[in-house]
Amino acid sequence: MSANSRPCGRENRQHTSPKRQRGKSSFRPCKKGLPAMSRIGDPILPEPLAYFLTWTTYGTWLPGDERGWVKRERGLQTPNASLRKSSKGRMSDSICLLSVAQRHIVEATVADHCQMREWLLHAVNCRSNHVHVVLSAPLAAKMVRNELKAWCTRALKAHVGEQSDSTSRRQKWWSERGSCRVINDEDSLEAAILYVRDFQSRRKRSS
């Protein structure tokens with residue numbers, strides 16, 4: 001289950017509620033196939049259609065990273081080798097790279113939690129160093145993201161605890177915060193689902 005795309009909690013996807021007043025499509029092509037959408041803090045329409053959530057595993061994308069990095073409330077920042085070195089020195093746990101079994105646990109946990117909370121899960125894909133989730137939920141995006149991260153942490157700790165002694169158990173699985181993108185129209189939703197479900201899997205096969 002390297003990629004999961006299934007609705008949870010509702011039998012029929014209702015994307016065209018008359019309560020939603022949508023404007024022009026926010027979809028814009030951008031690099032590496034990632035659909036462009038609004039970020040938290042940008043002007044958005046009431047009652048977003050869906051969220052595109054992303055978070056990375058601990059230590060895999062530090063401040064100063066050579067790929068660029070995001071500073072809270074200041075957006076994308078340029079690489080900074082000295083900052084990355086100092087950030088790495090402050091790490092309190094080892095870099096986290098998820099195994100295939102752990103990735104399946106994360107995907108199953110996200111799907112189960114969405115079903116329990118009656119959130120509509122459109123797609124989830126957990127890689128070794130990051131997680132993508134596209135869903136619809138009646139809560140703020142950050143609250144949804146933090147809830148999913150917390151439940152995935154519990155599931156991963158339980159799995160590791162069954163296989164090792166307490167001295168080898170990891171304390172930190174995820175980086176702080178993550179990306180919360182708001183989706184307001186059908187085109188952007190379909191682009192996000194395709195990116196998470198198909199493009200990420202193709203990247204794995206070609207690497």
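A residue is called buried when its relative accessible area is under 20%, exposed when that area is over 50%, and partly exposed in between, with a 1.4 Å probe and protein chains only. By this definition C126 is buried, because its relative accessible area is 0%. The structure described here is a predicted model, in which local features need pLDDT of at least 70 and side-chain atom pairs count only at pLDDT 80 or more, while totals for chains, interfaces and linings use all residues. Residues are numbered from 1 along each chain as its sequence is written, and side-chain values use heavy atoms, with hydrogens and water left out.

**Overall build**

- The protein chain contains four helices and seven strands, where helices (H or I, at least four residues) and strands (E, at least two) are DSSP runs numbered from the N terminus.
- Read from the N terminus on, the elements follow the order β-β-β-β-α-α-β-β-α-β-α.
- Of the 207 residues in the protein chain, 43% are buried.
- If one takes the contacts (heavy atoms within 4.5 Å) between residues at least 6 apart in sequence, 74% of them join residues at least 24 apart.

**Nonpolar cores**

- A nonpolar core is a set of buried Ala, Val, Leu, Ile, Met, Phe, Trp, Tyr and Cys residues joined through side-chain atoms within 4.5 Å.
- The largest such core has 29 residues, and those with the most contacts inside it are L53, V106, V110, V133, L135, L148 and W174.
- Two or more residues are given to this core by each of β2, α2 (100-117), β5 (120-126), β6 (130-136), α3 and β7, and the largest share, six residues, comes from α3.
- Leaving aside neighbours within four places in sequence, L53 is in contact with V131, H132, V133, A141, V144, R145, L148, S179 and C180.
- There is also a second, separate core of 11 residues, which includes L49, L189, A192 and Y195.

**Aromatic rings**

- Rings of Phe, Tyr and Trp (its six-membered ring) count as a pair if their centres lie within 6.5 Å, and planes under 30 degrees apart are stacked, those over 60 are edge-to-face and the rest are tilted.
- A search of the whole structure finds two aromatic pairs, and one of them joins W55 and W174, whose ring centres are 6.0 Å apart and whose planes stand at 85 degrees, so this pair is edge-to-face.
- Because W55 lies in strand β2 (residues 50-56) and W174 in the loop between α3 (141-161) and β7 (179-183), the pair ties together parts that are 119 residues apart in sequence.
- Both partners are buried, W55 with a relative accessible area of 1% and W174 with one of 9%.

**Salt bridges**

- A salt bridge is a side-chain nitrogen of Lys or Arg within 4 Å of a carboxyl oxygen of Asp or Glu, and the whole structure holds three of them.
- E147 forms a salt bridge with R117, with the closest N and O atoms 2.7 Å apart, and because E147 lies in helix α3 and R117 in helix α2, the pair ties together parts that are 30 residues apart in sequence.
- R177 is bridged to E176, the closest N and O atoms being 3.5 Å apart; R177 is partly exposed at 37% relative accessibility, whereas E176 is exposed at 64%.
- D198 is bridged to R197, with the closest N and O atoms 3.3 Å apart, and partly exposed is the class of both D198, at 27%, and R197, at 32%.

**Positive phi angles**

- E118, although not a glycine, has a positive phi of about 60 degrees; E118 is found in the loop between α2 and β5 and counts as exposed at 55% relative accessibility.
- R177 is likewise not a glycine and has a positive phi of about 55 degrees, and its place is the loop between α3 and β7.

**Cysteines**

- A disulfide is a covalent bond between the sulfur atoms of two cysteines, and here the term is applied to a pair of cysteine sulfur atoms within 2.5 Å.
- The structure holds zero disulfides, and for C126 the nearest cysteine sulfur, that of C152, is 7.5 Å away.
- C114 is buried, with a relative accessible area of 0%.
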